[in-house]
Amino acid sequence: MPLSLQHLLVAYAGMATMPLLVGTALHLPEDRTRLLISANLLVSGVATVLQSLGPKWFGARLPIVMGSTFTAITPAVLIGQQHGLAAVFGATVVSGLVTLAVAPWFGRCLHLFPPLVTGTIIAVIGFSLVPSAAGLIAGEGAGGSGGRGLALAAGTVLLVVVVERVAPPALARFSVLLAMTMGTVAALPLGLFDGSGVADARVVTAPDPTAFGAPAFVVPAIAAMLVVQLVNMVESVGDTLAVGQIVGRGNDAPTVVRALRADGAATVLSGALASFPIVTFGQSVGLVSVTRVRSRHVVALSGVLMVVLAFVPVLGAAVAAVPGPVLGGVSLVMFGTVGAVGLRILARADLTEPRNLLTVALAFALGMIPLGAPDFYAPLPSYLRTVLDSGIAVTGIVAFLLHLLFSPTGAARHGKESAR
C-alpha cells in the first residue's frame with residue numbers, strides 16, 4: 001500500500017491539473033469542474049489497472065501509471081469554446097478507436113525506432129517536463145512563497161538523496177514517500193500548507209458523465225484530437241520502452257501493441273465518461289527507476305486507489321494538500337530520471353557516427369524550442385501548432401525522419417567499406 005501510494009501522490013497533480021485547467025478556461029461552475037476531475041481519476045485508475053495487469057490483448061503488463069495528457073489542454077479548450085465539451089468527448093472517443101485500429105501497425109514499425117530514436121524521445125520526454133516541476137515550486141499562492149518555497153523544494157530533493165544514500169534497501173524504496181511526508185510536515189511551520197480544501201470537500205460523490213450531454217461527433221474537433229493522439233502514441237511508445245528497459249522485460253513489439261491498445265481502450269472509455277485522452281505518465285517511469293520497485297501489482301493497486309478517490313473527494317483533497325514545492329521537488333527527481341533513462345538508451349547508439357550525432361542534435365534542439373519560446377510557432381495555423389508546440393512530438397518526428405534519411409546511405413557506405 002505505501003508503495004502504491006507513492007505512485008498515486010506523484011501522479012495526482014497531473015491528473016487533477018488537466019481537467020482543472022480546462023474547466024477554468026471554459027468558465028465552468030465549480031461543481032462541473034469537480035465532476036471533470038472525478039471522471040478523470042476514475043478513468044485513469046481503470047486505465048492503470050488495465051495497463052498493469054494486461055488481460056490478453058490489452059495492456060503492457062508493466063508498472064505504468066496512466067492519466068490525462070497536457071497535450072490535449074489547448075485543443076480541448078478551443079473545441080470546447082467553439083462546439084462545447086460534448087464535442088471534446090466525442091473527439092476523444094474517435095481518437096481512442098483510431099488508436100485501437102493502428103496499434104498493430106505501430107508494432108510492425110517498431111524496428112524503425114532503434115535506440116538512437118527511442119533514447120532521444122525518452123530523454124526529451126523527461127527533460128521537457130522539468131519546467132512543469134519548476135512551475136509547482138514557483139507557483140502562485142502559498143505553494144510558491146518566494147524563498148520559503150524554493151527552500152522547501154530543495155529540502156525535499158535533499159531528503160530523497162539522503163534516504164537513497166544512507167537508508168537500507170528495504171527503506172530506500174520508500175524514499176519518495178518519505179521525502180513527501182517529511183516535506184509536508186516541514187511546510188507547516190513555514191506557512192506553506194493549506195488544508196482548507198479537505199474541510200470543504202464532500203465525503204462521497206459519484207462521477208456523472210451525463211452532466212455534459214452525450215458525446216458529439218464534430219469533424220474539425222475530431223481532426224484536432226487525432227493530431228493530439230498521434231503525439232500521445234509517440235509518447236506512449238517511448239515510455240513503454242523505457243519501463244521495459246528498467247524492469248528488463250517487455251521492451252518489444254507485442255508489448256508496445258498491447259500498451260497502445262490499452263491507451264486506445266482507455267481513451268474511448270474516457271470520452272464516454274466525460275474525460276480526456278489518456279496516456280502513460282512519465283512520472284511513473286522515473287519512480288520505478290528511482291525506487292527499483294518493479295512490481296506491476298504495486299502500480300495496479302495505485303489504480304484502484306485512484307478509483308476510490310474518484311468517489312471520495314475528501315481523500316482526493318487530502319492528497320491535493322501536498323504543498324507545491326514538495327511535489328515539485330519530487331517531480332524534479334522523477335523527470336530528471338526519465339531523461340537519464342533516455343540517455344542510457346541513447347548510449348547504445350554509435351554517437352561517433354556523425355550522422356547519428358546530427359540526428360540527436362537536431363531532434364534535441366528543435367524539440368526544446370517550445371520550452372524556451374512557447375510563442376515561437378504563433379504565426380502558423382492552429383493545426384500545425386498542435387504538433388509543433390509539443391517538443392516531444394517534434395523530437396519524435398525529427399529523429400524518426402532523419403534516421404530514415406540517413407540509414408540507407410549509412411548502410412550502403414558500410415557495405416562498400418567492408419567490400420573494400
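Trainee: Which side chain does the side chain of T280 make a polar contact with?
Mentor: That of D239, at 2.9 Å. Bear in mind that this is a predicted model.

Trainee: Where does T280 lie?
Mentor: In strand β2, residues 278-280.

Trainee: Does T280 count as buried or exposed, and why?
Mentor: Buried, because its relative accessibility is 1%, and the cut-off for buried is under 20%.

Trainee: What else does T280 touch?
Mentor: Leaving out residues up to four places away in sequence, its contacts include Q51, I64, V65, M66 and E235. S236, T240 and D263 are also among them.

Trainee: New topic. Which residues touch the most other members in the largest nonpolar core?
Mentor: V10, M15, L41, V65, V176, M180 and M334. That core has 35 residues.

Trainee: Which element gives the largest share of this core?
Mentor: α1, with eight residues.

Trainee: Now α14. How many residues, and what reach?
Mentor: Helix α14 runs over residues 296-311, so to speak 16 residues. From first C-alpha to last, α14 reaches 24 Å, close to the 22 Å expected.

Trainee: What covers the buried residues of α14?
Mentor: The cover includes α1, α2 and α15. Among the buried residues of α14 are V298, V299, L305, M306 and L309.

Trainee: What happens at the start of α14?
Mentor: A side-chain oxygen of S295 comes to within 3.2 Å of the backbone nitrogen of H297.

Key:
Residues numbered from 1 in each chain as written. Predicted model: local features only at pLDDT ≥ 70, side-chain atom pairs only at ≥ 80, totals over all residues. Heavy atoms only, no water. Helix = DSSP H or I, 4+ residues; strand = E, 2+ residues; numbered from the N terminus. Expected span 1.5 Å × (residues − 1). Buried < 20%, exposed > 50% of the residue type's maximum accessible area, 1.4 Å probe, protein only. Contact = heavy atoms within 4.5 Å. Polar contact = N/O pair within 3.5 Å; in protein donor to acceptor, adjacent residues only side chain to side chain. Core = buried A, V, L, I, M, F, W, Y, C linked by side-chain atoms within 4.5 Å.
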